[in-house]
Amino acid sequence: MKVALRLYDFSVNAALRAQPDVWYTLQKKKGSIMNTSIYVNYPEKSPCYSTIQAAIDSIPDDNMENVTVYVAPGVYRERLIIRKPYMTLEGEDADTTVIVYGHYALEPHPDGRKRGTFRSYSVLVDTHDFTGKNLTIQNDAGAGKVVGQALALYMDGDRCALYHCRLLGCQDTLFTGPLPEKEVEPGGFTGPKEFAPRVVGRQYYKDCYIQGDVDYVFGCATAYFENCEFFTRNRFENKPIENPRDAADRCYGYVTAASTFKDQEYGYIMDHCRFTSDCPANTVYLGRPWRQYAQTILLHCELGAHIKTEGWMDWKKPHETIRYAEFESFGPGAAPDKRADFSSQLSAKEAAHFTKEKVLGDWNI
C-alpha cells in the first residue's frame, strides 16, 4: 500500500476561526455541540463514571465543543483510546493521578504475531485538539532488553498538548506520530495507524517530565517541548563502569529518535529543557536519526554530565541530511567545541527561526 503524505496546512479554516459566531453555527450544523464537564470517581459530581474510558466514550464522536474530563486521584489500570476532538483530560496532580498499562512489543498477540511497538501503548491519542493536564501516563512492562519497545503514550494529531504531565517508561516511552512513510521491515508498523495518511500535526509539551532509556521520544511530529525534563534511566544499573574512561565506549541510551519528513520545516524543538539521569558521565546521546531527515534543536537547555561529548549519533544516516543543532546549551554535558561534525551551534539569528510562535504557527496556546 502506498501511503499518502500530507503536511498539516496551518492556515486551514483560519478565516472562519476569526469569526467565532460563524464558526460555531457551522459546527452546530455539522455535529454535536457539547460544552460540559465530565467526572471520573467524583461521586458528588454529575455525570460521573468509574473508569476514564467510559467517560471518554460518553462524548459524541462528532463533538465540536470543548469538553473536560476531570479525573480524581488514583491509579487507573486502563488502556485508553482517545478519538474524541476538543477534549481535555485533567487530573488533580500528576503524582497522584496515574494511568498505567503494561503491553510490550515482544508480547504474544491474539493474532498469533508479536504485539509490536505500535500496539503496545498505554494511551492512544488519535484526534486533534486534545489536551492532557496533571497526569502520569506510564507503561510498566519493564526493561527494553527483556520486553522490547513499550509505549506509554502514542500521540498523533494536530494541536495536541500536555501540561504538567509525567510520561514514564523505558524504551520508546513517547511516540509523536505520524509514522514514517514506510517501515524498514514488513509488519514493522502494525497498529492503529498503519494504513492511515501521514499527516504531520503540531504537538506541545509544557512543564512535563519524560523518562526512558532508548529512543524514548521518537516520531515524525512537529513537537515543541518547553521547560521539560528528560530523565534517562540507567539500563545497566547492575553493571557499573569501573574505569570512567570506559564510559565513552559504552552507550547507556538515546533521548530522541526523530523521523522528520524531508519537506517538514520543524521537527523536535527543546526550549529551556533539562536533561538529567542516573547514568554515568559521558554515556548518553541527545539523539539519533530514526530516518535520514531527522531534526532536533536544543535552545537554552541544561545538559547533565551523562550526555556524551559528541552529543549526537548518526545511526548510519547521511550527514548532509540530518539536522541537529544547539543554541546556548549549558551544564556539564555541554561541549560545543567537541560535538559531532554533522551537528551545529546556532547563532542568535538562526535560533530565532525556532521560536514557539514560528514553530506552532496559528495555534495560539
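Where is Pro-178 found? Pro-178 is in the loop between β15 (174-176) and β16 (198-200), where helices (H or I, at least four residues) and strands (E, at least two) are DSSP runs numbered from the N terminus. This is a predicted model, in which local features need pLDDT of at least 70, side-chain atom pairs count only at pLDDT 80 or more, and totals for chains, interfaces and linings use all residues. Residues are numbered from 1 along each chain as its sequence is written, and side-chain values use heavy atoms, with hydrogens and water left out.

## Overall features

The secondary structure of the protein consists of six helices and 29 strands. The protein has 365 residues, of which 53% count as buried; buried means under 20% relative accessible area, exposed means over 50%, and partly exposed lies in between (1.4 Å probe, protein chains only). Of the contacts between residues at least 6 apart in sequence, 72% join residues at least 24 apart, a contact being heavy atoms within 4.5 Å.

## Strand pairing

Seven strands form an open sheet in the order β6-β9-β12-β15-β19-β22-β25, with parallel pairing; two strands pair if DSSP finds at least two bridges between them. Because β6 (80-82) and β25 (284-287) each have a single partner strand, they stand at the edges, and one side of each is left without a neighbour in the sheet. On average, neighbouring strands of this sheet are turned by 10 degrees against each other, direction ignored.

Strand β28 (residues 323-327) is mostly covered, with four of its five residues buried. Strand β26 (residues 295-299) pairs with β28 in the parallel sense over five bridges, whereas β28 and β29 (residues 343-345) pair in the parallel sense over three bridges. Glu-326 of β28 is the bridge partner of Leu-298 and also stands opposite Gln-345 in β29.

## Nonpolar cores

A nonpolar core is a set of buried Ala, Val, Leu, Ile, Met, Phe, Trp, Tyr and Cys residues joined through side-chain atoms within 4.5 Å. In the largest such core, which has 61 residues, Leu-89, Phe-225, Phe-230 and Phe-275 touch the most other members. Beyond its neighbours within four places in sequence, Phe-225 is in contact with residues including Leu-174, Tyr-205, Phe-230 and Met-270. Another core, of 15 residues, lies apart from the largest one; among its members are Tyr-204, Ile-269, Ala-325 and Leu-346.

## Backbone features

Most residues other than glycine have a negative phi, and most peptide bonds are trans. The peptide bond from Ser-46 to Pro-47 is cis, with omega near 0 degrees, and Pro-47 is placed in the loop between β2 (36-40) and β3 (48-49). A cis peptide bond also joins Gly-177 and Pro-178, with omega about 20 degrees.

Asp-215, not a glycine, has a positive phi of about 50 degrees. Asp-215 lies in strand β19 (residues 214-219) and counts as buried because its relative accessibility is 6%. Glu-328 likewise has a positive phi, of about 55 degrees. Glu-328 is located in the loop between β28 and β29 and, at 48% relative accessibility, counts as partly exposed.

Gly-212 belongs to strand β18 (residues 209-212) and is buried, with a relative accessible area of 0%. Gly-212 and Gly-169 are 43 residues apart in sequence and 5.1 Å apart in space, C-alpha to C-alpha.

## Salt bridges

The structure holds 16 salt bridges, each defined as a side-chain nitrogen of Lys or Arg within 4 Å of a carboxyl oxygen of Asp or Glu. Examples are tabulated below.

| Salt bridge | N to O distance |
|---|---|
| Arg-166 and Asp-95 | 3.8 Å |
| Glu-107 and Arg-115 | 3.1 Å |
| Asp-126 and Lys-193 | 2.9 Å |

Asp-126 lies in the loop between β9 and β10 (130-133) and Lys-193 in the loop between β15 and β16, so this pair ties together parts that are 67 residues apart in sequence. Asp-126 is buried, with a relative accessible area of 17%, and Lys-193 is buried at 12%. Salt bridges that share partners join Asp-129, Asp-158, Arg-159, Arg-202 and Asp-362 into one network.

Conventions: Axes are lines fitted to C-alpha atoms, for helices over the stretch in contact, and angles run from 0 to 180 degrees between N-to-C directions.
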